[in-house]
Amino acid sequence: MSTPVELPRWADVALAPLLTVVTAFAVSGLVVLAIGENPIEAMSLLFKGALGSKAGWGYTLYYTTSFIFTGLAVAIAFQAGLFNIGGEGQATLGGLGIVLFCFSFEWLPGFLLVPLGVLGAALAGAAWAFIPGYLQARRGSHVVITTIMFNFIAATLMVYLLVNVMGRPGSMAPETRNIADHAVAAPMNVFLGALGISFPRTPLNISFFLAILAAIAVWVLVWHTRLGYEIRVVGASPTAAVYAGISPARITMVTMAISGGLAGLLAVNEIMGLQHRLLLEFSAGAGFVGIAVALMGRAHPLGVVLAAFLFGVLYQGGAELSFDKPAITKDMIVVIQGFVILFAGALEFAFKRPLARLFRIREA
């Protein structure tokens, strides 16, 4: 039996993932070299496209915002020993919650309507995730299976609603009318402009700050509250939790609701911040990216933020790279992401064991 690998928390959350990223980029460089391109030039163009200008930063942080929400959703479920892969469906229902609240309370001023829209996203996502949590806790259905199914149910429900119930009058497109102007999450260039800071117009909006607050809130909840302690105990050992007087069924339902609420907040970035209307597939796969983000971030909020930023860099930098180097297609960027996931997940102990030995030598 292999002995557990123990590292200082900072090394487990930051240093080990950093080594996996460096290795993933090195292996990806060999793939780029194999197709006849210069890997150093390619990586330079990638990072320049993502971080070499204010506009690049804007797009990178816009993607990062969505990945923080979905990464946190998966991470808090991990803490309870649950695997929530229904982020896509929960985000989709979050978008529905936003438009329902914003349309119903359109007469309210913006300083009340915007928080209501955020609340609608969180409540709708939480309700959609609560059902699989209930089914596992009370009926024995595995949450992995039910969350997969609920992704498809959410997509089908959205098609029906946008085509038959909520579609914009006079339009053939499956989308709603726009939410009110005072329900929009302020673009970052407008917000920073009010502070006298020049910033180009990009999809980045103030929901980025909401994502950071969500990461802080998850950290406080999981490591500094009684509920967080119960979540971690259930995740470590449901049997021990029962002996401690903790109900695994209750924690499963509560944790899934919190997880779904976090995933639903992705819709704030997309619907209130960018699209301003509900439309099909607005989440664009961010719910699935959240799984990789949570794995790479070791289910810790700080790690999730860092991993989300990395994937934001890959998304924005990859788009710029494929434009400058047509031979390096977007599929190549998916390959790089795959290597990051491979080294962060399947091969994590390849780095943790040498690091653990190094720290023991230093302590000696």
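I count as a salt bridge a side-chain nitrogen of Lys or Arg within 4 Å of a carboxyl oxygen of Asp or Glu. I kept in mind that the model is predicted, with local features needing pLDDT of at least 70, side-chain atom pairs counting only at pLDDT 80 or more, and totals for chains, interfaces and linings using all residues. Residues are numbered from 1 along each chain as its sequence is written, and side-chain values use heavy atoms, with hydrogens and water left out.

I searched the whole structure and found 7 salt bridges.

I looked up Glu37, Glu41 and Lys325, which are joined in a network of salt bridges. Within it, Glu37 pairs with Lys325, their closest N and O atoms lying 3.5 Å apart. This pair links distant parts of the chain, 288 residues apart, since Glu37 sits in the loop between α1 (9-34) and α2 (39-51) and Lys325 in the loop between α14 (301-324) and α15 (330-345); helices here are DSSP runs (H or I, at least four residues), numbered from the N terminus. I then checked burial (buried is under 20% relative accessible area, exposed over 50%, partly exposed in between, with a 1.4 Å probe and protein chains only). Glu37 is buried at 18%, and Lys325 is buried at 16%.

Arg277 lies in the loop between α12 (266-275) and α13 (286-296), and Glu175 in the loop between α6 (143-165) and α7 (188-194), 102 residues apart. Arg168 is partly exposed at 34%, and Arg277 is partly exposed at 21%.

Terms used:
Helices (H or I, at least four residues) and strands (E, at least two) are DSSP runs, numbered from the N terminus.
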